[in-house]
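Let's go through some of the labels used for this protein and ask what stands behind each one. Here is the structure to follow along with.

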Amino acid sequence: MFTGIVEELGEVTAVEKLGDASRFRLRGPVVTEGAKHGDSIAVNGVCLTVVDLGDGEFTADVMAETLNRSSLGALDTGSRVNLERPMALGGRLGGHIVQGHVDGTGRIVERKLSENWEIVKISLPAELTRYVVEKGSITVDGVSLTVVDAAPDYFTISLIPTTLALTTLGIKEPGDPVNLEVDVIAKYVERLLGDRDQEGTK
């Protein structure tokens, strides 16, 4: 489980294609400190398993399912990525509950620079519309953010200078893909209410 508070701006140092899967080598001295084989690290919001470690880098195997559901397939050597270690029990929950299980992808539509922040408009897949609400939480490339405006096919977020400087959201351009994870609580509530309605019709 993660919080969506990015710890480090890392870099892809190697990509090996393995048929319908890929093996990524990523540099992240902060997130690899104290890490071991089998640990989880979120890469642009996608929970990956560490299979090898060394010299501030780690290797992760990415299966076809993950490549199909996220934007990780677009990464290449030199790509910058957002990195986060799992939340430690007993720690502060700085963002919101993030699983690292991507629900879909969107694209940067527009960026508007304001005096001390930037408004970013992101396309929203139709199947995720019902989970995105104004002032609600959403994870974009692993970054926990608050929704400013929510429309059927897009939403906007407001980025402060810290987020722009310390995450990939500061360098993403219109047309670039981003990973989206909606609030898991909303999905559980929907499922529970659906089950209740089905029981009521029996």
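Q: Which residue in S10 stands opposite serine 137?
A: Threonine 146 stands opposite serine 137 in this predicted model.

Q: What makes S9 and S10 a pair of strands?
A: Two strands pair if there are at least two bridges between them. Strand S9 (residues 137-140) and strand S10 (residues 143-150) are joined by 4 bridges, so they qualify as a pair. The two run antiparallel. They also form a hairpin with 2 residues between them, and in that turn aspartate 141 has a positive phi of about 50°.

Q: What is the bridge partner of glycine 104 in S12?
A: It is leucine 180. Strand S7 (residues 104-113) pairs with S12 over 4 bridges in the antiparallel sense.

Q: Why is S12 called largely enclosed?
A: Buried means under 20% relative accessible area. Of the 6 residues of S12, 5 are buried, so the rest of the structure largely encloses this strand.

Q: Why is serine 71 called buried?
A: Its relative accessible area is 9%; the cut-off is under 20%, so serine 71 counts as buried. Serine 71 sits in the loop between helix H2 (64-69) and S6. Leaving aside neighbours within four places in sequence, its contacts are Thr105, Asp141, Pro177, Val178 and Asn179.

Q: Is serine 40 buried, exposed or partly exposed, and why?
A: Serine 40 has a relative accessible area of 24%. Buried needs under 20% and exposed needs over 50%, so serine 40 is partly exposed. This residue lies in strand S3 (residues 40-43). Beyond neighbours within four places in sequence, serine 40 is in contact with Phe2, Cys47, Leu48 and Pro86.

Q: What makes asparagine 82 a buried residue?
A: Asparagine 82 has 2% relative accessibility, under the 20% limit, and therefore counts as buried. It is found in strand S6 (residues 80-84). Setting aside neighbours within four places in sequence, its contacts include Val6, Ala42, Asp141 and Thr168.

Q: In what order do the 6 strands of the barrel close?
A: The order is S1-S2-S5-S4-S3-S6, with antiparallel pairing. On average, neighbouring strands of this sheet are turned by 45° against each other, direction ignored.

Q: What makes S1 and S2 a pair within it?
A: Strand S1 (residues 8-18) and strand S2 (residues 21-27) are joined by 7 bridges, and at least two are required, so they pair. They run antiparallel. The bridge partner of glutamate 11 in S2 is arginine 27.

Conventions. Residues are numbered from 1 along each chain as its sequence is written. This is a predicted model: local features need pLDDT of at least 70, side-chain atom pairs count only at pLDDT 80 or more; totals for chains, interfaces and linings use all residues. Side-chain values use heavy atoms; hydrogens and water are left out. Buried means under 20% relative accessible area, exposed over 50%, partly exposed in between (1.4 Å probe, protein chains only). Contact means heavy atoms within 4.5 Å. Axes are lines fitted to C-alpha atoms, for helices over the stretch in contact, and angles run from 0 to 180 degrees between N-to-C directions.
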